[in-house]
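Dear colleague,

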Amino acid sequence: MPSRREFLRLASTAAWGPFFVFPHRAQKTLKIARWAHFLPEYDEWFDGVYAKEWGRQHDTRVDVDLVPVDKIHARADNDVAAGKGHDLFMFPWPPAEYLRHVIDHTEIYQTVGARHGNVNRIGHKSTYDPKTRRYFAFADSWMPAPLHYFGDYWGELGTPLGPIHYNGLRVGGKRLRAKLGIPCGLALAPTMEGNITLHTLLYAFGSEVLDADGNVAISKNYGTITALKYVKALYEDAGSPDQLTWGSLGNARAMLARKTSCTISAISLLREAEKENPDVAKNIMVSPPLLGPAGVMATPYVTSCSVIWNFAENKEGAKQFLADLIDNFKTVYDKSRGCSFPTYQNTVPNLIRLLENDSKAEPSYKYIRIKDALHWTPNLGFPGYATPVAMEAFNTFVIPRMFMSVVKGELSPEDAARRAEAEVIRISEKWKTG
């Protein structure tokens, strides 16, 4: 540190010599990777408005990378392999496979809980590891997966409220295809949509990938065989070859083109129709999941879970960003046009009123039928937690490939179930010895 006399000497000669440089604090940076929302306008708000304003308030440069959902794990793997990349990584489903590469997120839950109470069941079971008693991620929102159907098509059969149970879907779908040439549109291919649809169907028929204790339970449960036989019969009676080749969002595009009578999807499908084709939208209705032997249930279409890597350079900024996001969740709900449901109920206290009177819907009360979505939505990994084994099986499309092998006639239901079980056992053994 120069003396006062030396400082004055330097200042007086600044015009003729080097300037005296005062130290200054460099602006922080927060790097975020986030799954691309199904509604582009939400991404525009999150990146272009919210993240920038948050950065201004916290003197932080916020860089957001939007990643398509089918590429999210490859990008995360790149971060982990390099030991650097993003500070905050936001996944569309529980990232349990990465639990060894993340911080304990309990502190974030405690911070948010002090303001908003307890996280709901889906958020807890999607991010908590009961073995270590740590949270490997933070759940900020979720999307229900109701049945979407064309009221006018099903009205041709005298059932304008659509099918209620899986048998009604098969019988009604067969009659609709014969009468109108319009097939049933459940996603069956190994895509995100097929994964959600077929896990939903598996649970509804009383089966599961893992039991509550984490034991592999696919072939041991007769519900698996019943579900496999049902999907094969549904495809033969009411389906279309297109179902086997749809890529990402293929079922949604088919619905928007009125080429199918129904499908399982997030309400982003209907929101897109309301924006682009209101005449189509007014005929698309939503209803709770179909009734199966085990009841009414559908896995979340999305469980938005964020991780802060243990190699992140700005861990504190990432923690603050997630906590502040929940404080602003009413805006998140509005900007997602009601697609993203809260994991903290008090952040959208008037949720039911919003669902029963929606200004964009025709009729305005259309969405009230999903008001109980939290009650019929089990977490991925049900009946247990979203464990690394459950999520690796999910991300490698074990269940869609099992169903596809039966639908195509490549394997019997029994052989397909045994093969799928063997795959999950290999995954389980890997995690036990890893």
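In this predicted model, the second largest cavity is lined by His199, Tyr203, Val209, Leu210, Leu380, Gly381, Phe382, Ala390, Met391, Ala393 and Phe394. Two elements each contribute two or more residues to that lining, namely helix H8 (192-204) and helix H16 (388-395). The largest share, 4 residues, is supplied by H16. By residue class, the lining of this second largest cavity comprises 9 nonpolar and 2 polar residues, with no charged ones. The space inside the second largest cavity amounts to about 80 Å³.

The largest cavity holds about 90 Å³ of space. Its lining is formed by Arg34, Trp35, His37, Tyr42, Phe46, Met90, Asp140, Ser141, Ser304, Leu325, Val332 and Ser340. Strand S1 (28-35), helix H2 (40-57) and strand S6 (138-143) are the elements that each give two or more residues to the lining of the largest cavity.

Which classes of residue make up the lining of the largest cavity? There are 6 nonpolar, 4 polar and 2 charged residues in that lining. The lining of the second largest cavity, by contrast, has no charged residues.

With kind regards

Definitions and conventions:
Residues numbered from 1 in each chain as written. Predicted model: local features only at pLDDT ≥ 70, side-chain atom pairs only at ≥ 80, totals over all residues. Heavy atoms only, no water. 1 Å grid on protein atoms, 1.4 Å probe; cavity = no way out; pocket = protein on both sides within 12 Å on 5 of 7 lines; lining within 4 Å. Points joined across faces, edges and corners; volume = space filled by probe spheres on them. Nonpolar A, V, L, I, M, F, W, Y, C, P; charged D, E, K, R; others polar.
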